Amino acid sequence: MAPLLSVNNLSTHFFTGNGVVKAVDQISYELNAGETLGIVGESGCGKSVSALSLLRLIPNPPGKIVGGEILFEGRDLLKANKKELSHIRGNRIAMIFQEPMTSLNPVHRIGCQVREPLMVHQKMKKHRATAEAIGALKKVQIPDSESRIDDFPHQFSGGMRQRAMIAMGLTCAPKLIIADEPTTALDVTIQAQLLSLMKQLTRETGTALIIITHNLGIIARYADRVNVMYAGRIVEKAAATDLYRHPKHPYTIGLMASVPQLDQDIKSRLTPIEGQPPDLADLPSGCAFAPRCRFAVEKCRMEAPRLRPVSGGHEIACWVDVE
Ligand SMILES: Nc1ncnc2c1ncn2[C@@H]1O[C@H](COP(=O)(O)OP(=O)(O)O)[C@@H](O)[C@H]1O
Ligand SMILES: [Mg+2]
């Protein structure tokens with residue numbers, strides 16, 4: 001069966017006064033129906049831009065998708081017209097953002113916002129959409145949802161707002177949900193609860209899920225497969241369990257040692273990766289990670305490595321075999 005989503009050589013650049021920022025540079029990956037893909041990497045490595053590109057939500061200018069193909073249910077989203085795109089955005093692909101306070105409208109009641117996609121995209125009457133909205137809030141375990149739909153966003157806690165966002169995302173029964181750091185602002189316990197909930201709901205409905213995060217610990221627990229991004233490119237791809245146990249790219253190895261993990265002993269030491277990610281408008285000619293990499297050899301500074309298979313379903317973009 002063809003994958004639900006197939007991204008081929010996608011590149012999104014920003015044309016700024018300081019040069020061309022290659023925020024996403026020739027990334028390719030596939031996602032099957034019902035599967036959960038994790039996208040990880042440090043801040044600024046192109047995770048959000050890659051997700052926003054899927055829905056063609058890149059501000060232009062200065063941004064532009066300069067190349068590639070995004071096949072979703074067999075159709076190239078880069079060739080879709082405005083009408084098709086708006087249908088896809090509400091009905092087929094939902095996005096849950098990092099900051100619910102900026103994506104929930106503060107002047108509208110929660111219920112009104114949760115039922116809106118149903119009224120707009122599925123032409124439901126208000127009465128029925130309200131009943132569905134209450135049901136959706138129940139599903140994400142918001143207590144007293146019959147009365148709480150009349151609350152405004154500021155009357156909800158951070159965790160509840162994020163739950164309301166998930167409810168909004170799920171109401172139209174999309175085929176794909178993209179969650180961009182949906183829990184970063186919340187404490188670890190609530191993060192874990194929300195991710196479990198999202199995982200459970202998508203599993204029940206066979207919805208594919210892309211979880212974007214800078215926390216590898218989260219990914220290991222909730223994703224089936226993982227793409228590790230660095231400087232706008234995918235540098236490692238693997239099954240989540242494989243990546244967690246046997247990270248192969250020096251960047252992933254560094255990331256693993258530097259991020260707190262959900263089940264980690266608080267006293268254990270975190271070792272940050274030295275140095276800074278490169279300026280995406282002025283990338284080095286070889287591997288973008290080479291200046292920070294303790295395994296780098298001469299070739300790494302000359303030529304950028306492409307992804308290559310290292311074992312079944314596991315690929316890295318690295319010239320060196322680190323054991
Ligand atoms: N509107 C914009 N104008 C210029 N550069 C941008 C814009 N939006 C994002 N970028 C750049 O794209 C790169 C990737 O950003 P982003 O995808 O948001 O990173 P993250 O991995 O943290 O989600 C960053 O270097 C950022 O500065
Ligand atoms: Mg981001």
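Helices (H or I, at least four residues) and strands (E, at least two) are DSSP runs, numbered from the N terminus. The model is predicted: local features need pLDDT of at least 70, side-chain atom pairs count only at pLDDT 80 or more, and totals for chains, interfaces and linings use all residues. Residues are numbered from 1 along each chain as its sequence is written, while chains are lettered from A and ligands numbered from 1 in the order in which they are written.

The protein chain holds 12 helices and 12 strands. Its C-alpha trace spans about 65 × 50 × 45 Å along the principal axes. The radius of gyration, taken over C-alpha atoms, is 20 Å. This agrees with the value near 20 Å for a compact globule of 323 residues, the rule being 2.2 Å times the number of residues to the power 0.38. Of the 323 residues, 43% are buried, that is, they have 20 or more other C-beta atoms within 10 Å of their own; exposed residues have 12 or fewer, partly exposed ones lie in between, and C-beta atoms are placed from the backbone. Two residues are in contact if their C-beta atoms, so placed, lie within 7 Å. Among contacts with a separation of 6 or more, 64% join residues 24 or more positions apart.

Strand β9 (residues 225-230) is mostly covered, with six of its six residues buried. Arg225, Asn227 and Met229 lie on one side. Val226, Val228 and Tyr230 lie on the other. Strands pair if DSSP finds at least two bridges between them. Strand β3 (residues 36-40) and β9 pair in the parallel sense over four bridges. Isoleucine 39 has asparagine 227 of β9 as its bridge partner. With strand β10 (residues 233-239), β9 pairs in the antiparallel sense over six bridges. Here tyrosine 230 stands opposite arginine 233. β9 and β10 form a hairpin with two residues between them. Alanine 231, in the turn, has a positive phi of about 50°. Alanine 231 is buried, with 24 other C-beta atoms within 10 Å.

Helix α5 (residues 126-139) has 14 residues. From first C-alpha to last, α5 reaches 20 Å, close to the 20 Å expected at 1.5 Å a residue; the expected span is 1.5 Å times one less than the number of residues. Ala129, Glu132, Ala133, Ile134, Ala136 and Leu137 of α5 are buried. The buried residues of α5 pack against α4 (110-121), α6 (145-148) and α7 (158-171). Just after α5, glutamine 141 takes a positive phi of about 65°.

Most residues other than glycine have a negative phi, and most peptide bonds are trans. Alanine 173 has a positive phi, near 50°. It lies in the loop between α7 and β7 (176-180). With 12 C-beta neighbours inside 10 Å, alanine 173 counts as exposed. Cis peptide bonds join asparagine 60 to proline 61, with omega about -10°, and proline 61 to proline 62, with omega about 5°.

Ligand 1 is surrounded by 16 residues, the closest being Phe14, Ala23, Lys47, Ser48 and Val49. A residue is near the ligand if its C-beta atom, placed from the backbone, lies within 6 Å of it. β1 (5-16), β2 (19-31) and α1 (47-54) each supply at least two residues of this shell. α1 gives the most, with three residues. The shell divides into eight nonpolar, seven polar and one charged. Nonpolar residues are Ala, Val, Leu, Ile, Met, Phe, Trp, Tyr, Cys and Pro; charged ones are Asp, Glu, Lys and Arg; the others, Gly among them, count as polar.
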